[in-house]
Amino acid sequence: MDFIFGEIPNKLVPYDYDTFYQSQSEFVVGTTDCYTGKSIYFSKDDYGKEMLTVIKASSSLPFIASEISFKDRVLLDGGISDPIPVKKAQHDGFKKNVVVLTRNAGYLKKPSRFQFLVKRKYPYYTGLQTAIQKRYKKYNDTIHYLEEQEKQENVILIRPTEPILVGRMERDPVKLSNLYQAGYSDGKQYIEKIKYFS
C-alpha cells in the first residue's frame, strides 16, 4: 500500500497535484467507519491535501490491508458499507447515472460464511462487524433498485454479458487479458447510448 500510494504517485510517476486541486471538478471518496459501520464520504474540502490517505482508506480491504486513521476516524474500504453508492450520487444531485458492475445480470450475493473470523479479527469494531454481515443484503437491495432505475431510464447499467470466471486474486495473464477484452467489448455496446443519455 505504501508503494502504491507513496512511491508511485510521489516518485516513480509523479502525480500532477496542482492541476487536480485547481480543477473545479469534485472528487468524492467513499470509506467505511470501523466503529460505526457507516459510510463516510470525503470531498476535496474534507481531505484537502491528503487525498491519497482517503483513497488508501477506500482501497483497504478487511483482512488484506490495515485500517487507516484519518480525522479521528478508523477507516476501511467504502464498498463494505455501500457496495454500489448510486443513492449517494443521486443525493448529491446526479439524476442520471452510469453504473459499471463487475457481475452479470442475475448475480446476487450470499451471506458471508466467515462472520466468526470478522469478530475474531476486529473484536472492537462492532459497527464493522455489522456492516460486513449485512453487506450482501445491501448489495442485493441496490441491484434491485438499479434495475428499477434502469427501467425508468435514470440509470445505464453496464455489466458483463457472461459470468466472470476469474478469481479475486487471479494471476493468470491469459485469463486477465480475456476478461479485459470481454469488458472492452461489452462496454463498446453502450457508447452511443451514453452519448445521448440525459
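These notes go through a sheet, the helix across it, a surface patch and some charged pairs in a predicted model.

1. The sheet. Four strands make up an open sheet, and their order across it is β2-β1-β4-β3. The pairing is antiparallel. At the edges are β2 (39-42) and β3 (68-70), each of which pairs on one side only. On average, and with direction ignored, neighbouring strands of this sheet are turned by 50° against each other.

2. Pairing of β1 with β2. These two strands are joined in the antiparallel sense over four bridges. V29 has F42 of β2 as its bridge partner, and T32 stands opposite S39 in β2. The two strands form a hairpin with five residues between them. Within the turn, G37 has a positive phi of about 80°.

3. Pairing of β1 with β4. On this side, β1 and β4 (residues 73-77) pair over three bridges, again in the antiparallel sense. T32, which faces S39 in β2, also stands opposite L76 in β4.

4. Burial of β1. Which way do the side chains of β1 point, and are they buried or exposed? V29, T31 and D33 point one way, G30 and T32 point the other way, and all are buried. Because five of the five residues of β1 are buried, the strand is largely enclosed by the rest of the structure.

5. T31 as an example. T31 lies in β1, which spans residues 29-33. Its relative accessible area is 1%, so T31 is buried. Leaving aside residues up to four places away in sequence, T31 touches K38, S39, I40, F42, V54, A57, S58, L75, L76, D77, G78 and S81.

6. The two faces of β2. The side chains along β2 alternate. I40 and F42 point to one face and are buried.

7. Helix α4. This helix covers residues 51-58 and lies across β1, β2, β3 and β4. The helix runs at about 60° to β1. Helix α4 is mostly covered, with six of its eight residues buried. The buried residues in the helix are M51, L52, V54, K56, A57 and S58.

8. K56. A lysine is listed among the buried residues of α4, namely K56. What does K56 touch, not counting residues up to four places away in sequence? Its contacts are M1, D2, F5 and I68. K56 and K110 are 54 residues apart in sequence, and their C-alpha atoms are 27 Å apart in space.

9. A nonpolar surface patch. L61, F63, I64, F114, F116, L117 and M169 form a nonpolar patch on the surface. Together these residues have about 710 Å² of accessible area. One of them, F114, sits in the loop between β5 (97-100) and α6 (115-121). F114 is partly exposed, at a relative accessible area of 44%.

10. Salt bridges: K11 and E7. The structure holds nine salt bridges. In general, side chains of opposite charge can pair when their charged atoms come close. The side chains of K11 and E7 meet in one, at 3.4 Å from N to O. Because they are four residues apart in helix α1 (residues 2-12), K11 and E7 are separated by about one helical turn. K11 is exposed, with a relative accessible area of 58%, while E7 is partly exposed at 32%.

11. Salt bridges: K138 and D82. The side chains of this pair also meet in a salt bridge, with an N to O distance of 3.9 Å. The pair links distant parts of the chain, 56 residues apart: K138 is in helix α7 (residues 126-151), and D82 is in the loop between β4 and α5 (86-91). K138 is partly exposed, with a relative accessible area of 36%. D82 counts as buried, at 13% relative accessibility.

12. Salt bridges: R159 and E147. A further salt bridge joins the side chains of R159 and E147, at 3.4 Å from N to O. R159 lies in the loop between β6 (155-158) and α8 (173-188) and E147 in helix α7, so the pair ties together parts that are 12 residues apart in sequence. R159 counts as buried at 14% relative accessibility, and E147 is partly exposed at 25%.

Note on methods:
Residues are numbered from 1 along each chain as its sequence is written. This is a predicted model: local features need pLDDT of at least 70, side-chain atom pairs count only at pLDDT 80 or more; totals for chains, interfaces and linings use all residues. Side-chain values use heavy atoms; hydrogens and water are left out. Buried means under 20% relative accessible area, exposed over 50%, partly exposed in between (1.4 Å probe, protein chains only). Contact means heavy atoms within 4.5 Å. Two strands pair if DSSP finds at least two bridges between them. Axes are lines fitted to C-alpha atoms, for helices over the stretch in contact, and angles run from 0 to 180 degrees between N-to-C directions. Patches are made of residues with over 30% relative accessible area and no salt bridge: like charges are joined within 9 Å, nonpolar side chains (Val, Leu, Ile, Met, Phe, Trp, Tyr) within 5 Å. Accessible areas come from the Shrake-Rupley method with a 1.4 Å probe; for residues, only the protein chains shown count as cover. A salt bridge is a side-chain nitrogen of Lys or Arg within 4 Å of a carboxyl oxygen of Asp or Glu.
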